[in-house]
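Let's take a quick tour of the pockets in this protein and of the ligand. Have the 3D view open as you read.

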Amino acid sequence: MGAKRGDLFIIAAPSGGGKTSLVSGLFKRDPRLVLSVSLTTRSARPGEVDGQQYRFVSVAEFEQMVTNGELMEYARVFDHYYGTHRESVKQHLLEDRDVILEIDWQGARQVREIFPDCCAIFIIPPSLKILRERLTRRGQDSASVIQRRMQDAQAEISHWNEFEQLVVNDDFDSALEELIAIINDHRKGIPHQGNRNGQILAQRLGNG
Ligand code: 5GP
């Protein structure tokens, strides 16, 4: 993509992993960060506003953008398309902003091909039981959707080792501090100490 200035961070997590709250906590603490608003073909959930959480588009619009080569990455997740618009990310980076991509492991793989020096962070829940509780408490999806999301979450977690950094979202405040430390270390080019216990946990959760 050339002429990159800001840093690129990927944050992935299984649905219900607590990523959204952590990422909004991050933005309150770090004004250099900007969120890339993804495109999706899924319908908006109650409370979601077009252009804020996502840009909601039709399948035809999405496929046209793919054909035009407008997407930096895209994937099919939970029967819908999700993707990142290339130009808007490029613009943020040129403005020397650090961009957060909230995308899944398939998208992370594609972005790493283009930006090998990006920092890919994976957030995991402390247990599958807590993941189920979070998905249920959110009250936005039916029981069958939750069941499907649990299976998809485990499949997603099995890709944990494709990410440089792992954060266990057990306690919100400490997970947020860990995220901030990872981001700051990456900016300074300092290797961040890996989370050995998190790796053992991720391996266990991903295997079911
Ligand atoms: P949700 O529908 O719960 O908001 O998101 C479902 C999944 O889609 C999450 O794992 C999320 O990270 C992923 N996702 C959201 N936006 C993008 C995107 O632009 N690209 C890719 N590859 N995945 C995305």
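**The second largest pocket**

The second largest pocket is lined by Arg42, Ser43, Ala44, Arg45, Phe78, Asp79, His80, Asp141, Ser144, Val145, Arg148 and Arg149. On a 1 Å grid over the protein atoms alone, a pocket is an open set of points where a 1.4 Å probe fits, with protein on both sides within 12 Å along at least five of seven lines, and lining residues have an atom within 4 Å of a point. This is a predicted model: local features need pLDDT of at least 70, side-chain atom pairs count only at pLDDT 80 or more, and totals for chains, interfaces and linings use all residues. Residues are numbered from 1 along each chain as its sequence is written, and side-chain values use heavy atoms, leaving out hydrogens and water.

- Its volume is about 250 Å³, counted as the space filled by probe spheres set on the grid points, which are joined across faces, edges and corners.
- Helix 6 is the top contributor to this lining, with four residues.
- Sorted by class, the lining has three nonpolar, three polar and six charged residues. Here Ala, Val, Leu, Ile, Met, Phe, Trp, Tyr, Cys and Pro count as nonpolar, Asp, Glu, Lys and Arg as charged, and the others, Gly among them, as polar.

**The largest pocket**

- The largest pocket comes in at about 1,100 Å³.
- It has 41 lining residues, and Lys19, Thr20, Arg45, Tyr54 and Glu102 are the closest to its centre.
- Elements giving two or more residues to this lining include helix 1 (19–29), helix 4 (105–114) and helix 6 (143–157). Helices (H or I, at least four residues) and strands (E, at least two) are DSSP runs, numbered from the N terminus.
- The lining splits into 14 nonpolar, 14 polar and 13 charged residues.

**The ligand**

- What surrounds the ligand? A shell of 19 residues does, the closest being Ser38, Arg42, Tyr54, Tyr82 and Asp104; a residue counts if one of its heavy atoms lies within 4 Å.
- By class, that shell has seven nonpolar, five polar and seven charged residues.
- Strand 5 (71–77) and strand 6 (80–85) each supply at least two residues of the shell.
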